Amino acid sequence: MTIYENQSLLLLNTFHIDASARYLVEINSESDFLSLITDKKYIDSNKLVLGGGSNLLFTKDFNGIVIKNNLLGKELIKEDDEHYYVKAGAGEVWHEFVVWCIKNNYAGLENLSLIPGKVGASPMQNIGAYGVEIKDLFKSLEALDMQTGENVVFTNTQCEFGYRESVFKRKYKNRYFIKSVTFKLNKHPKFNTSYGAIEKELEVMGVKELSIKAISDAVIRIRSSKLPDPAQIGNAGSFFKNPEVPGAKYESLKQGFPTVVGYPLENGNVKLAAGWLIEQCGWKGKREGDAGVHINQALVLVNYGKAKGSEIYHLSSEILKSVHDKFGVDLEREVNIYDHL
Ligand code: FAD
Ligand code: NAP
């Protein structure tokens with residue numbers, strides 16, 4: 001294990017921000033990590049665990065140690081009449097893991113096909129798409145305490161999952177190095193096709209008999225046609241979360257903006273489509289230098305080439321302000337910011 005100094009992060013984040021790290025280290029085994037935490041450079045530095053870099057924005061050089069998690073492995077560890085229990089190393093590529101599950105008929109993750117990033121980051125914000133979140137299938141995770149190296153197991157409840165949220169984004173921020181995640185997948189699939197354009201896409205594909213593979217294929221086709229590919233244009237997916245507002249606030253918004261897009265939640269609140277709010281403020285397709293709002297997806301901020309992270313952040317602040325001024329709704333950034341300006 002080598003600790004490299006002054007390393008570029010350009011190829012390690014999907015926003016393609018040309019920031020650098022004071023130190024960079026790759027962890028290929030648990031013992032790598034245990035020896036790292038005794039190193040003075042580690043002890044004295046700010047720390048950032050890195051997966052695929054698809055949910056973060058570097059607003060400046062990272063004056064600390066970036067720890068790239070490369071822990072691999074995926075295995076069926078147990079099964080019963082109803083479920084398969086499948087464990088994956090944090091460094092496994094998320095989509096490859098999903099494809100492997102589908103090939104083995106382990107059902108449940110198919111709606112989460114083609115989400116960029118690594119398995120280890122999936123609990124961080126309880127990744128979700130097309131009506132499924134990992135909390136629905138998550139059994140437990142194993143992590144190492146970043147200070148003591150102690151092994152810790154977190155159950156589903158202990159992760160305190162919420163909408164794009166978990167305990168690891170809040171009170172345990174920077175506290176744990178996630179090693180592996182175990183999912184409880186279904187032997188008898190419960191197909192979930194009611195969300196978004198899945199049903200329509202299955203029809204276009206001419207699917208007669210529903211399967212987890214068909215759903216995954218439909219999701220891949222929809223995502224590929226709608227979302228900007230980070231290989232072509234720098235981005236980190238949705239930059240903001242969809243805000244939740246009380247039902248009464250939604251009703252009053254509807255008076256002024258009859259086409260406002262909202263989805264009622266079980267708790268009486270309404271989830272607003274942040275993309276719609278941003279679009280109504282005139283941001284869709286706007287560009288400030290190389291920082292911009294995607295032409296088809298107002299929720300996605302993009303780097304057209306050489307944007308600095310601080311410029312993307314500045315653009316996001318302008319969007320927050322105009323949505324607040326027009327609708328009285330406060331958006332929250334979903335993307336993790338390193339570090340605040
Ligand atoms: P990184 O960006 O590397 O890290 C994200 C955070 O997790 C950081 O704070 C990091 O420190 C922490 N972290 C990463 N690994 C570990 C670990 N092993 N231990 C401890 N902390 C860790 N997200 C969705 O929820 N749904 C979507 O549908 C979706 N679609 C996307 C589409 C595009 C085109 C893009 C670019 C992004 C999308 N995202 C989506 C966001 C992103 O892909 C996910 O949040 C993904 O889980 C991030 O994984 P990563 O490995 O890239 O994490
Ligand atoms: P979409 O289908 O055009 O829908 C727009 C928004 O409306 C989504 O954000 C979604 O909320 C919400 N929505 C749609 N149908 C809904 C329903 N039946 N019930 C409740 N809410 C509904 O969205 P899209 O942009 O093409 O994305 C498709 C899926 O991929 C979404 O689930 C989205 O979250 C996910 N995605 C996430 C990211 C990310 O970076 N986080 C990036 C790309 C796509 P939700 O977002 O709450 O689902």
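Predicted model: local features only at pLDDT ≥ 70, side-chain atom pairs only at ≥ 80, totals over all residues.
Visitor: Noted. Is lysine 171 buried or exposed?

Guide: Lysine 171 is exposed, with a relative accessible area of 54%.

Visitor: How many salt bridges does the structure hold?

Guide: There are 21 salt bridges in the structure. One of them links glutamate 30 and lysine 179, with 2.9 Å between the closest N and O atoms.

Visitor: Where do glutamate 30 and lysine 179 lie?

Guide: Glutamate 30 is in helix H1 (residues 30-36) and lysine 179 is in strand S12 (residues 176-186), so this pair ties together parts that are 149 residues apart in sequence. Lysine 179 is buried, at 10% relative accessible area, while glutamate 30 is partly exposed at 28%.

Visitor: And which residues do salt bridges with shared partners join into one network?

Guide: That network is made of Glu30, Lys87, Glu142 and Lys179.

Visitor: What about arginine 175, which residue does that one form a salt bridge with?

Guide: Arginine 175 bridges to aspartate 145, the closest N and O atoms being 3.3 Å apart. The arginine sits in the loop between strand S11 (151-155) and S12, and the aspartate in strand S10 (residues 138-145), so parts that are 30 residues apart in sequence are tied together. Aspartate 145 is buried at 5% relative accessibility, whereas arginine 175 is partly exposed at 36%.

Visitor: Zooming out a bit. Which domains is the chain divided into?

Guide: Domain 1 covers 3-69, domain 2 covers 74-186 and domain 3 covers 234-338.

Visitor: How many residues of domain 2 are in contact with domain 3?

Guide: Seven residues of domain 2 touch seven residues of domain 3. About 600 Å² is buried between these two domains, and carbon and sulfur atoms give 33% of that area. The domain centres, taken over C-alpha atoms, are 27 Å apart.

Visitor: How many salt bridges and polar contacts turn up between domain 2 and domain 3?

Guide: Three salt bridges cross that interface, and five residue pairs are in polar contact, counting pairs with both residues at pLDDT 80 or more.

Visitor: Switching to lysine 241. How far apart are the closest N and O atoms in its salt bridge with glutamate 165?

Guide: They're 2.5 Å apart.

Visitor: New topic: glutamate 92. Where does that residue lie?

Guide: Glutamate 92 is in the loop between strand S7 (83-89) and helix H3 (94-103). At 8% relative accessible area, glutamate 92 is buried. The side chain makes a polar contact of 3.5 Å with the side chain of lysine 74.

Visitor: Which residues is glutamate 92 in contact with, leaving aside neighbours within four places in sequence?

Guide: Those are Leu71, Leu72, Gly73, Lys74, Gly117, Lys118 and Val119.

Visitor: Is the peptide bond from tyrosine 338 to aspartate 339 cis or trans?

Guide: That bond is cis, with omega near -25°. Aspartate 339 lies in the segment after strand S20 (336-338).

Visitor: Last one. How many residues does helix H8 have?

Guide: H8 runs over residues 309-327, which makes 19 residues. From first C-alpha to last, H8 reaches 27 Å, close to the 27 Å expected at 1.5 Å a residue. Its buried residues include Ile312, Tyr313, Leu315 and Phe327. Glycine 328 follows H8, with a positive phi near 65°.

Notes:
Residues numbered from 1 in each chain as written. Chains lettered and ligands numbered in written order. Heavy atoms only, no water. Helix = DSSP H or I, 4+ residues; strand = E, 2+ residues; numbered from the N terminus. Expected span 1.5 Å × (residues − 1). Buried < 20%, exposed > 50% of the residue type's maximum accessible area, 1.4 Å probe, protein only. Salt bridge = Lys/Arg side-chain N within 4 Å of Asp/Glu carboxyl O. Domains from an automatic or database assignment. Contact = heavy atoms within 4.5 Å. Buried area = accessible area lost by both parts, 1.4 Å probe. Polar contact = N/O pair within 3.5 Å; in protein donor to acceptor, adjacent residues only side chain to side chain.
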